2 protein chains.
Amino acid sequence: MRTIPTPGPDLLSARATSASSSVIRELLRHAKRPDVISMAGGIPAPELFPAGAIAEATAHVLATAPGDALQYGLTRGVPALRDQLAAMTGLDTDETIDTEGVVVTTGSQQGLDLLGRTLVDPGDQIVVEDPGYLGALQALRSYDPDLVGIPLDQDGMRTDVLEARLDAGLRPVFCYVIPNFQNPTGVTMSAERRRHLIELADRYGFLIVDDDPYGELRFEGEPVETLGSRHPSAIRLRTVSKTVAPGLRIGWITGPEWLLDAIEISKQSVDLHTSTFGQHVLSGVLSDPNWLGRHLDQLRPWYRDRRDALCDALSSEFGDRTRFDRPSGGMFVWAQFPGIGDTADVLPRALDEGMAFVPGGAFAVAEPRPETMRLSFATASPDQLREAVRRLAKAIGGAP
Amino acid sequence: MRTIPTPGPDLLSARATSASSSVIRELLRHAKRPDVISMAGGIPAPELFPAGAIAEATAHVLATAPGDALQYGLTRGVPALRDQLAAMTGLDTDETIDTEGVVVTTGSQQGLDLLGRTLVDPGDQIVVEDPGYLGALQALRSYDPDLVGIPLDQDGMRTDVLEARLDAGLRPVFCYVIPNFQNPTGVTMSAERRRHLIELADRYGFLIVDDDPYGELRFEGEPVETLGSRHPSAIRLRTVSKTVAPGLRIGWITGPEWLLDAIEISKQSVDLHTSTFGQHVLSGVLSDPNWLGRHLDQLRPWYRDRRDALCDALSSEFGDRTRFDRPSGGMFVWAQFPGIGDTADVLPRALDEGMAFVPGGAFAVAEPRPETMRLSFATASPDQLREAVRRLAKAIGGAP
C-alpha cells in the first residue's frame, strides 16, 4: 500500500510561511469593541468622506460613459485621471509631469509592493526609518531585503547616521521615507535633512522613495520643499486614502520612466489594472479643479481640533511623565513614557479600561523603543480623546 | 575624483528584468485603430454592462452607509458580499461555503498572483494547459516555477498524458485548469476527465486550481459537474468580470482554510484589500437574488448569436481549409489553418486588411501550434464578425 499524501500547509511557499500574524494584531482585534475608544488605527474620519461628490460623479459617469467606466482599462491607469494626478503631484513644486509619468496603483500599499517586486532582490539593502510604517515594512520584507533602520529625531531621519553607515560601506537600492507627519512618529523632515538625503543619494547612487499620504493634512506652518522634486532619483508615492476616501483604493506613483515601465509590466501580472470604475469616479470628483482645495479646508481644522484635544489631555493628565512633540499635521502623536517599561504590557489593561493604542515596539526595525506608543487622533471626537487619555492614565496606574 | 553612480535600470530586480513586453502585444496595439475589427481581445461587450443597476446600487449605498463603503475594510473582503459570493460559488453544487471560506481579490488575476506568491517556490513544478491562458502563465512565471504544459483535445486536458508524466516522476504543487470554455481553445473539460484529474490529485498529492470566468456563459447543453466541488484539494477562482463588469476588478477565491489564511496575509501586504466601494456596490447589485439570473438570460443569447455568426462565416469562407470546434459557451473560437505556416506572419497583413486576432503561438507553454489562432466573438456585432472573416480570408490570400 502506498501512502496518499494530503495537500496541506506543507505546500506553502517559503515566502508565505515566513509571513505571519502578530500578537499585537491579534490583541488589537479587541479595539473594535464598541466600548473601546480606539486610537490604534491609522484610518481617516468617515464623517469627512465626500459621499455627495462621489455619488454625483458616479451618476454622471455611468450616465455618460458606462462602457469606459465598467470595462477593462490600461494597466497604467485611466488617462484623464492620470492627468489630474500628475497636476496634483506637481502642485507643490514647479515640476511638470505628463500622463505617462504617473502609474495608478491599488492604494499606495500596492505602490510599495510593486517597488519591492521591481527593485528588491533577496539580500538587497534598503534604508528605512526606525521606527517605520508597518505596512511598508511588511510589503518590503516579503522580498527578503536587508532592511537598515536609521533613527529619527524631531527633524526626521538622522541623515548624519545614514552618512556614517554609507561611508562604512552601506550600499542601498533605495531609501524609503515618509517626510511629512511620519507614521508612526508624526515628525516632519526638515529642509536641511532633505537636501542632505538628496546629496547622499547622488553621492552613493541610490533612489529616494518619498511616501506622502499625510502632506496635505498640514494644520499650520509652511510646507517643507518636496523631497527630490525634479530629482532624477526621486520616486513619489501618493494616495487619496487620507484626503478623499481609502475605500476607493487609489494611489499613484511617479518616478523615473525606466522604473514606471517595469512597474507597469509587474502590475499587469498582479491585478491587470486598478478598478476603472473607481478611477472614473475619482476623475469625476476631481474634474472641478477647486474641489480638493475646498475639501481640504474642511479636513484640516477638524483634525487640528482633535490633535489639540489629544495633546492637551496628555499634558494635563501626565504632565512631565510623558514626552511628545505636537505634530503640525497628519494623524499621529508619538508619546514616550520614561520608566514605564514596555507599553505592550500596558495594552491589555488599556483595553480593559476601554481604550486602545499601538505599542511603539510594533514599529521597530532594529532599535526597540518599548516606552513609546502611537496615538491616532483621527477618528475619535475631542471628548472621546480626552476620555481615552483618562482611561490610559488608569491603565498605566498613575491616574491622579 | 570618484565616479558618481547614476541610479537606473541596473537597480531593477531579477524578477523585473525577466519580465518583458512581447512583439505580439506591440503589434496588437494596432487592433485599437477604429478601422480594425478586433477579435483579439478577451473582453466582454460593453453594451451589456448593467450601468442602471450599478448606478442604483451606488446611490443607495452612498446614501445609507457611506462610512462603510468609503472606509478601509477587511483584507478578506466585505462580509455581506462574501456571503453572496459564497452562495453563488455553491450554486452549481450542493456544497456550503461560509463567509470565511471566501477571499475577495482585485479581479481573479490577483487570485492567480496570490496563488503564485503563496504556493510557488522557484523551480516548483506547476501543471498548466498547453495552450494556456496568457494572464495565468504571466502571473505564475513571475514566481519562477517549472511550468509543465499538458495538451488538450476536444475533452479538455489530456489527463492520460498527465498521468504518464506523474508516473514518470512529475510532482506538481498544483494543476491549473480553465475547465469551462477554456481560454484560448473554447474547450470544456469532460466529466470523465474531471474525475480522472481529481483521482490523480488524490493519488499524487497536488492541488487543483479551477479558474472559471466563463462557466456561466453557457449557450446550450448542461453544465458539467464542477471540478472538485467539496474536494479538499480544490481551489476555485471566480470573477464578475465576464458577467457583471470587469472595471469593478472583483474576483474571489475559495479553497482550503490554511491556504485562504496564507492568501489573506499576502494580500494585506500587496494592496490591503480590494476596493470597499466596488465591493459594496456589487453587493447592492446582487442583493436581489434573482438579478444575476435575469442578467445572464440577456447575455447568453447575445453571445450565442455572435458565436454563430463567427462560426458560420468561418465555415462558408474557408470550408475545409480551417478546422475548429463550435464552443458551447464563453468567448473564443480556436481555429486551425492546416498548411498556413505561422499565423503570426498573417497578423500584419490582417491588420492591414482591418481585422485582428491573436496568433496561437502566443499561448504556447511548450508545444508551438503556429497554424492556430484565437478569435473572440464577444465584442463585434454579427455583421462585423462576418466582415472580419472576409478580411481574414483576404489576408490569408485565399479569398474566393
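Is Arg165(B) buried, partly exposed or exposed, and how many C-beta neighbours inside 10 Å does Arg165(B) have? The first legend answers this, and the others follow through the rest of the views.

This is a predicted model, in which local features need pLDDT of at least 70 and side-chain atom pairs count only at pLDDT 80 or more, while totals for chains, interfaces and linings use all residues. Residues are numbered from 1 along each chain as its sequence is written, and chains are lettered from A and ligands numbered from 1 in the order in which they are written.

View 1. Arg165(B) counts as partly exposed because it has 17 C-beta neighbours inside 10 Å. Here a residue is buried if 20 or more other C-beta atoms lie within 10 Å of its own, exposed if 12 or fewer, and partly exposed in between, with C-beta atoms placed from the backbone. Leaving aside residues up to four places away in sequence, Arg165(B) touches Val148(B) and Leu170(B); two residues are in contact if their C-beta atoms, placed from the backbone, lie within 7 Å. Val148(B) is 17 residues from Arg165(B) along the chain, and their C-alpha atoms are 9.5 Å apart.

**View 2. Where chain A meets chain B.** Each chain brings 68 residues to this contact. On the side of chain A that touches chain B, the helices supplying at least two residues each include α3 (51–64), α6 (107–119) and α10 (257–271). That side is made up of 36 nonpolar, 24 polar and eight charged residues. For these classes, Ala, Val, Leu, Ile, Met, Phe, Trp, Tyr, Cys and Pro count as nonpolar, Asp, Glu, Lys and Arg as charged, and the others, Gly among them, as polar.

**View 3. α3(A) against α3(B).** The two axes come within 10 Å and cross at roughly 175 degrees; axes are lines fitted to C-alpha atoms, for helices over the stretch in contact, and angles run from 0 to 180 degrees between N-to-C directions. The helices are therefore roughly antiparallel to each other, a term for angles over 145 degrees. Look for Ile54(A) and Leu62(A) among the contact residues of α3(A), and for Ile54(B) and Leu62(B) among those of α3(B). By class, this contact has 10 nonpolar, two polar and no charged residues.

**View 4. The two faces of α9(B).** Buried residues in this helix are Arg193(B), Arg194(B), Leu197(B), Leu200(B) and Ala201(B). They cover an arc of only 125 degrees around the axis, so they lie on the same side of α9(B); the arc is that of the directions from the helix axis to the C-beta atoms. The face turned away from the buried side carries the exposed residues Ala191(B), Glu192(B) and Glu199(B). Among the partners that the buried residues pack against are α8 (159–167) and β7 (207–211) of chain B. Just after α9(B), Gly205(B) takes a positive phi of about 70 degrees.

View 5. Another cis peptide bond joins Asn183(A) to Pro184(A), with omega near 20 degrees. Pro184(A) is in the loop between β6 (174–177) and α9.

Definitions and conventions
Helix = DSSP H or I, 4+ residues; strand = E, 2+ residues; numbered from the N terminus. Parallel < 35°, antiparallel > 145°, perpendicular 65-115°, else oblique.
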